[in-house]
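Have a look at the structure first, then read on.

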Amino acid sequence: MDFLIVDDDELICEGVARRLTEMAELVPVGRVYSRYSGEDALAFLNDIAVDVLITDIRMHEMDGLSLVEKAKELMPHMGFVIVTAYREMAYAQQAIRLGVDDFLIKPYSVQTMQETVLRVVARLKTQQEKLHRQLSRALLLGISQGEVMPQALFAEHGAACPQSGICLAAWEERRAFPVATPDGIWAYALFEEPFFLCWHAPGRADAFRRWLQDVAVQGGASLGISRPGLPLSEMGRQCQDALSLVWYWRAPRAIFYAPQIHADNDAARKLTRCIRGMQLQQARTHLTALLTGEYLRHPRRAQSLYGALYANLVQLLAEYELDAAALPAKPAPYQGFEQAFYRLFDAAERVLSGITNQAYVNPVAWSRRYAQEHFHENIDMADLASKLKLSYSYFSKLFKDQTGTTFSEYLLDLRMQEAKRLLMYGLPVTNVAEQVGYTSVYNFTRAFTRKFEIAPAKWRKEAVQGCDRK
């Protein structure tokens with residue numbers, strides 16, 4: 001929790017700040033700021049968000065109540081503590097109307113201050129967790145679709161954020177977010193999701209980049225970071241494009257999106273499609289054209305393309321339960337990339353040539369992975385059996401024997417679990433149906449109701465209410 005202390009007596013501000021710092025074992029005290037007038041405090045709050053404002057009621061020019069009223073417009077969910085004297089308690093009714101959380105009556109003891117701050121912080125933590133869940137749901141929905149700006153969602157939920165300069169960062173995998181941030185840098189982690197929004201004050205761009213590198217190292221996984229000032233869905237795409245380089249760098253690090261990364265990923269996907277279809281000569285021709293053109297002039301681009309292609313091939317081999325260890329190790333930076341690409345192609349060709357040999361493929365594992373990646377499409381079990389060169393009846397029996405469930409039931413479970421997740425993030429039922437592979441909302445609703453004995457819309461209402469009560 002960050003605190004702002006406001007009093008026109010500098011010594012009083014220093015004393016309160018010292019007492020707050022001494023409470024750190026009992027109260028989650030983060031940064032403590034001081035301002036010596038209501039006007040300075042308001043200007044400060046226009047740039048920096050805090051959790052609790054502690055202000056004297058009597059100050060020159062702008063008094064404490066006027067400051068609370070204006071600050072609440074900026075940050076409705078902030079906690080407010082008024083410092084006052086007995087003779088000024090006539091102001092209490094007005095303070096309560098403004099939403100002041102508690103009072104400190106002069107003179108007050110350290111214990112009284114501690115109890116007051118603990119009460120305010122406890123209420124804020126409950127309120128902020130509820131707000132965090134609601135705002136995270138809205139932000140994740142914005143990342144998955146639409147052109148919404150993050151500022152609009154923060155404003156809709158009464159939360160403070162800057163009007164520009166917000167980036168989105170995505171973990172390579174789920175990691176605990178290091179909460180502490182340096183002065184002039186802020187972060188908002190989405191609830192139980194591998195994303196966080198971050199921004200910095202003017203003049204802190206270099207420190208911001210260094211901090212993100214430190215976050216990746218502390219978290220033990222790489223980060224993909226978007227460019228600032230874009231709709232959430234575009235920032236989400238940029239994060240994933242940046243993370244395509246994770247394999248190449250190996251060590252945890254922050255990877256910042258650049259336009260060429262998207263072009264490199266597209267090129268890698270095109271090459272992978274050719275390899276998947278065993279159109280190896282076409283793939284080699286396309287690669288030669290790339291390496292004798294722009295990638296020859298820009299060795300760093302060659303690194304990026306190699307990393308993206310390698311990641312695509314690893315995923316392709318995993319679909320067939322084949323070992324990616326057969327692929328060559330990455331080349332040294334700027335050295336031998338042309339030969340490295342062809343060694344990678346040769347290794348992929350040798351491994352994938354065995355796919356037609358049934359001994360290389362676990363049919364059940366392959367079909368489960370295929371269902372996990374394509375459940376939003378129209379999947380026909382007869383087509384899967386044909387891809388695996390098995391009869392329909394043999395494949396059906398084999399899947400049931402190894403998993404204890406039918407392929408149809410397995411596919412339904414995948415679709416319904418994803419449907420629950422999308423419903424929790426506010427998608428209309430019609431859109432949820434489309435995204436989990438149903439062409440008819442009626443068929444989706446019937447399947448959902450039959451499985452969970454409750455209609456999708458009613459399930460969402462009860463689930464959201466349950467989250468808000470936590």
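The count of salt bridges here comes to 9. Keep in mind that this is a predicted model. Below are some of those pairs, followed by a charged surface patch and a couple of backbone spots worth a look.

**Salt bridges between separate parts of the chain**

- Asp2 pairs up with Arg31 in a salt bridge, with the closest N and O atoms 3.6 Å apart.
- Asp2 sits in the segment before strand S1 (3–6) and Arg31 in the loop between H1 and strand S2 (32–35), so this pair ties together parts that are 29 residues apart in sequence.
- Buried or exposed? Asp2 and Arg31 are both buried.
- Lys106 makes a salt bridge with Asp56, and here the closest N and O atoms are 2.7 Å apart.
- Since Lys106 is in the loop between S5 and H5 while Asp56 belongs to strand S3 (residues 52–56), the pair ties together parts that are 50 residues apart in sequence.

**A salt bridge within one helix**

- Arg237 and Glu234 meet through their side chains in a salt bridge, 2.5 Å from N to O.
- These two are 3 residues apart in helix H8 (residues 232–243), so about one helical turn separates Arg237 and Glu234.
- Arg237 is partly exposed, with a relative accessible area of 28%, and Glu234 is partly exposed too, at 25%.

**Negative patch on the surface**

- Asp8, Asp9, Glu10 and Glu14 gather on the surface in a patch of negative charge.
- Glu14, one of that group, is placed in helix H1 (residues 10–22).
- With a relative accessible area of 40%, Glu14 counts as partly exposed.

**Backbone spots to check**

- Most residues other than glycine have a negative phi, and most peptide bonds are trans.
- Lys106 turns up again here, as the peptide bond from Lys106 to Pro107 is cis, with omega near -15 degrees.
- Pro107 lies in the loop between strand S5 (102–105) and helix H5 (110–144).
- Glu453 has a positive phi, near 60 degrees, and is a residue other than glycine.
- You'll find Glu453 in the loop between helix H20 (441–452) and helix H21 (456–469).
- Glu453 is exposed, with a relative accessible area of 75%.

How values were computed
Residues are numbered from 1 along each chain as its sequence is written. This is a predicted model: local features need pLDDT of at least 70, side-chain atom pairs count only at pLDDT 80 or more; totals for chains, interfaces and linings use all residues. Side-chain values use heavy atoms; hydrogens and water are left out. Patches are made of residues with over 30% relative accessible area and no salt bridge: like charges are joined within 9 Å, nonpolar side chains (Val, Leu, Ile, Met, Phe, Trp, Tyr) within 5 Å. Accessible areas come from the Shrake-Rupley method with a 1.4 Å probe; for residues, only the protein chains shown count as cover. A salt bridge is a side-chain nitrogen of Lys or Arg within 4 Å of a carboxyl oxygen of Asp or Glu. Lys and Arg count as positive and Asp and Glu as negative; His and the chain ends are not counted. The place of a charge is taken as NZ of Lys, CZ of Arg, CG of Asp or CD of Glu. Helices (H or I, at least four residues) and strands (E, at least two) are DSSP runs, numbered from the N terminus. Buried means under 20% relative accessible area, exposed over 50%, partly exposed in between (1.4 Å probe, protein chains only).
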